[in-house]
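Please look at the sequence and the structure shown here before reading the report below.

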Amino acid sequence: MSTHPISFRYRLEQEEPRLGPGGITRGASVKQFPASQGIAGVSMRLEPGGMRELHWHANAAEWAYVISGNCRTTLLNPDGGAEIDTFGPGDVWYFPRGWGHSIQGIGPGECHFILIFDNGDFSEDHTFSITDWLSRTPQDVVAASLDLAPADVALLPKGEAYFAKGPTPDDRSADATCRKEAQLVTTHRYPLHAQQPRRVPGGGTQRTVTVDEFPISRTMAGSLLEIQPGAMRELHWHPNADEWQYYIEGRAEMAVFLAEGNVVTEQFEAGDVGYAPMGSGHYIKNTGQSVLRVLVGFNNGHYQANDLSAWLSTNPVDVLATNLGLPREKVASLPRRQEFFVKSSS
């Protein structure tokens, strides 16, 4: 039940998609999802050979997680370095604001990834794309810039391509070779799923990547939560970041506490997006019969969380007894250490 007029759930995968040659995308900024003031997100799928064209974002950095399939990215560092890399399931990338890049599916099968941006006003529709730019520039300027004859310039797209479909890159060809220039000393790829997780028996696992593990990711951090049936990510809040959630698999309940008696409780399923503003109390409970998998993004390179169990465990018994109105013997049974995942009562 919601006691606040705003919703902290958005059904992203039920949105009408943008379609193009070799690609499908669905996005949610603060325009579509008003609660999500500080973070925007996109679900994108690319067929083998399908390409999200060369582009850059002027107002947001891009953090991504590959759910399934494989893709190749190209990246231009403003300092002059360049990087070409491939990504598979469980990998993360980070492209700083203003860095030129492209993404292409390399098969086998479709590549599905989630893009998270550290600006709620971001929109994929307002990206700076190379075809849009060149098609709006005088042809003589384009010809001089690309060293092309006017007849060749006339062959270029007459507007924004956004998606383009070409041959699937072949690992045996030079086209698909991963190249990393020496000028780019920090990589933009992190293998999150290969990380040894934080494990709570009977509760679940957490894998987290921050600027400490992934130095280039200065403005964003992320977690992958796997929550067992009958368990939940305990009551907590983040003092330094908003939280954007993409529900990959399973069913969940998530509630956001906004102070002054306002709590919003909603139900989630695969393909939904959730949001918890900076400082708001919340939990994520597995309400299904299978493992709940949730991708969580933060608009801060450092991960910070204040968990209820950790908070209670640091306070003397008399403080808790007085504050909560419980007998001292009951207070003694409260958590005396950080739990992170706890058993749910239903």
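This is a predicted model: local features need pLDDT of at least 70, side-chain atom pairs count only at pLDDT 80 or more; totals for chains, interfaces and linings use all residues.

Residues are numbered from 1 along each chain as its sequence is written, and side-chain values use heavy atoms, with hydrogens and water left out.

## The sheets

Some terms come first. Helices (H or I, at least four residues) and strands (E, at least two) are DSSP runs, numbered from the N terminus, and two strands are said to pair if DSSP finds at least two bridges between them.

Strand 15 pairs with strand 16 (residues 204–209) in the antiparallel sense over 3 bridges, and the partner of R198 in strand 16 is Q206.

## A hairpin and its turn

Strand 7 and strand 8 form a hairpin with 5 residues between them, and G80 in the turn has a positive phi of about 115°. The two strands pair in the antiparallel sense over 6 bridges, and L75 has E83 in strand 8 as its bridge partner.

The loop between strand 7 (71–76) and strand 8 (82–87) also holds N77. Is N77 buried or exposed? N77 counts as buried because its relative accessibility is 6%, given that buried means under 20% relative accessible area, exposed over 50%, and partly exposed in between (1.4 Å probe, protein chains only). The side chain of N77 reaches the backbone nitrogen of D79 at 2.8 Å.

Cavities and pockets are found on a 1 Å grid over the protein atoms alone: a cavity is a set of points where a 1.4 Å probe fits but cannot get out, a pocket is an open set with protein on both sides within 12 Å along at least five of seven lines, and lining residues have an atom within 4 Å of a point. Grid points are joined across faces, edges and corners, and a volume is the space filled by probe spheres set on the points. For the classes of residue, Ala, Val, Leu, Ile, Met, Phe, Trp, Tyr, Cys and Pro count as nonpolar, Asp, Glu, Lys and Arg as charged, and the others, Gly among them, as polar.

| Space | Volume | Lining by class |
|---|---|---|
| Largest cavity | About 70 Å³ | 6 nonpolar, 4 polar, 2 charged residues |
| Largest pocket | About 310 Å³ | 11 nonpolar, 6 polar, no charged residues |
| Second largest pocket | About 240 Å³ | 11 nonpolar, 5 polar, no charged residues |

The count comes to 1 cavity of 30 Å³ or more. Its lining includes Q206, R233, H236 and E243, and the elements that give two or more residues to this lining are strand 17 (221–227), strand 18 (231–237) and strand 24 (292–298).

The largest pocket is lined by 17 residues, and L54, W56, L76, I130 and W133 lie nearest its centre. Helix 2 gives the largest share of this lining, with 4 residues. In the second largest pocket, 16 residues form the lining, and L235, H236, F257, G281 and H282 are the closest to its centre.

P316 is found in the loop between helix 4 and helix 5 (317–324). With a relative accessible area of 44%, P316 is partly exposed. The C-alpha atoms of P316 and A332 are separated by 9.9 Å, although the two residues are 16 residues apart along the chain.

Key
A polar contact is a pair of N or O atoms within 3.5 Å; within protein, one must be able to donate a hydrogen and the other to accept it, and residues adjacent in sequence count only if both atoms are side-chain atoms.
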